[in-house]
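Trainee: Could you take me through one part of this protein slowly, beginning with the whole chain and then looking closely at how particular side chains meet?

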Amino acid sequence: MMAGLGAFVSRDTAYPKYELHSSVILDSGATLHIGNDKARFSGLTPANRDEFLYAGEDHIPIVAYGTMELTV
C-alpha cells in the first residue's frame, strides 16, 4: 500500500464521466495527487474556498486535502 498527500475534488465539479473517470494514475514524481473518490482519502481537512485545481482552461474547486491510500 502507498500513501501520499492528496487533494479531493467533488465528482460533481470534476469533468463529466469518461472512460477513466474513477481511475488513479500513479506518478511517483508528483508532490500532490488529485482524486474524486472521497472513499480513497483519510484524514480530510477542508480546503479554503479560494483553492482550485487549474487544468487547461478549467478551474475545479478543491474540496479538501488528506492522505490518499492506494494498493498497487
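Mentor: Of the 72 residues in the protein, 24% are buried, where buried means under 20% relative accessible area, exposed means over 50%, and partly exposed lies in between (1.4 Å probe, protein chains only). This is a predicted model, in which local features need pLDDT of at least 70 and side-chain atom pairs count only at pLDDT 80 or more, while totals for chains, interfaces and linings use all residues. Residues are numbered from 1 along each chain as its sequence is written, and side-chain values use heavy atoms, with hydrogens and water left out.

The protein has zero helices and six strands, these being DSSP runs numbered from the N terminus (helices H or I, at least four residues; strands E, at least two).

Turning to the side chains, a search of the whole structure gives one aromatic pair, and its members are F52 and Y54, whose rings are tilted, at 6.3 Å centre to centre and 50° between the planes. Rings of Phe, Tyr and Trp (its six-membered ring) pair if their centres lie within 6.5 Å, and planes under 30 degrees apart count as stacked, over 60 as edge-to-face and the rest as tilted. Within this pair, F52 is partly exposed at 33% relative accessible area, whereas Y54, at 54%, counts as exposed.

The structure also holds one salt bridge, meaning a side-chain nitrogen of Lys or Arg within 4 Å of a carboxyl oxygen of Asp or Glu. Here the side chains of D37 and R40 meet at 3.6 Å, N to O; D37 is partly exposed at 21% relative accessibility, and R40 is partly exposed at 28%.
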